[in-house]
Amino acid sequence: IILFEMFIILWKLYDPHCLTRQNVQGINKRQVKATYTALSCLYAAFHAVDNISSVPFYINYSFLRVIFCLKNFSKQSGVNKDLFFDVEAGDNLCSLEKYQVAVDFNKRNYEKYLLSVSQNPELRSIRSNVVRTYANSLLQNFEASSQIEHPPYHHLNEAERLMREEFLQDSNNVVDFGNKTHLLCRILIHQKKYAEAEQIIIPCGKKVLRVLGREHSVFVKLFSIHLQIRSSLKKIQ
């Protein structure tokens with residue numbers, strides 16, 4: 001909350017009208033920089049409350065507005081970060097429980113990434129985020145539809161394929177490794193592949209514990225899902 005308030009104050013200091021600016025034409029470079037910084041402060045402010053479960057929906061809608069404003073403003077300023085902001089927007093759509101919209105939007109982002117990465121090798125740095133955001137939207141859409149007569153199992157299968165491919169990519173980032181392990185294990189649980197999920201999560205959990213410690217949020221969620229896996233294994237033994 002302190003970080004949120006700090007970034008809100010900075011936003012007002014730099015440019016309180018940044019959300020109503022449609023283009024950069026007619027304003028000087030100093031104002032362009034101030035407006036972009038103000039939008040970045042709002043972006044950081046919403047990230048500061050991103051992990052609070054009780055955040056009302058209008059906060060997420062406001063965050064989505066900020067993301068698209070940043071995308072539009074950065075494009076006009078000559079900074080090509082379209083895909084980065086689209087991934088953020090796709091993740092936010094899941095927070096808004098717009099699961100099918102998120103699936104369609106993230107599928108487009110994934111296809112755009114595959115087409116663009118050969119011409120722009122620097123995009124490889126966001127591969128994990130692109131793939132994980134798409135796979136997560138597929139999983140969440142399945143979970144939201146799991147009570148209907150014919151849930152979209154093809155979404156679950158596609159999410160598994162994506163994350164298995166992602167697992168083959170080298171990752172020196174322990175947080176990223178933990179996050180994609182957590183997502184893959186959630187998918188495997190829905191497919192009742194508990195033994196395989198446990199084989200995957202144990203070495204990852206040990207590494208995350210060693211590097212990040214038991215208080216880190218990534219280890220906490222890995223530990224929680226491991227308990228769920230072990231409980232499911234006991235029921236079928």
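Start by selecting Lys193 and Glu160, whose side chains meet in a salt bridge at 3.0 Å, N to O. (A salt bridge here is a side-chain nitrogen of Lys or Arg within 4 Å of a carboxyl oxygen of Asp or Glu.) Lys193 sits in the loop between helix H8 (174-190) and helix H9 (194-212), while Glu160 belongs to helix H7 (residues 153-167), so this pair links distant parts of the chain, 33 residues apart. Helices are DSSP runs of H or I with at least four residues, strands are runs of E with at least two, and both are numbered from the N terminus.

Buried means under 20% relative accessible area, exposed over 50%, and partly exposed in between (1.4 Å probe, protein chains only).

A note on what you're looking at: this is a predicted model, where local features need pLDDT of at least 70 and side-chain atom pairs count only at pLDDT 80 or more, while totals for chains, interfaces and linings use all residues. Residues are numbered from 1 along each chain as its sequence is written, and side-chain values use heavy atoms, leaving out hydrogens and water.

Next, select Asp86 and Lys71. Their side chains form a salt bridge too, at 2.9 Å, N to O. Asp86 is in helix H4 (residues 82-95) and Lys71 in helix H3 (residues 57-76), 15 residues apart. Both Asp86 and Lys71 are buried.

Arg108 lies in helix H5 (residues 99-116) and Asp86 in helix H4, so the pair ties together parts that are 22 residues apart in sequence. Asp86 has 0% relative accessibility, and Arg108 is partly exposed at 39%.

Lys71, Asp86, Arg108 and Lys112 are linked in a network of salt bridges. The structure holds twelve salt bridges.

Finally, zoom out. The protein has ten helices and zero strands. Of its 237 residues, 47% count as buried. Taking contacts (heavy atoms within 4.5 Å) with a separation of 6 or more, 63% come from residues 24 or more positions apart.
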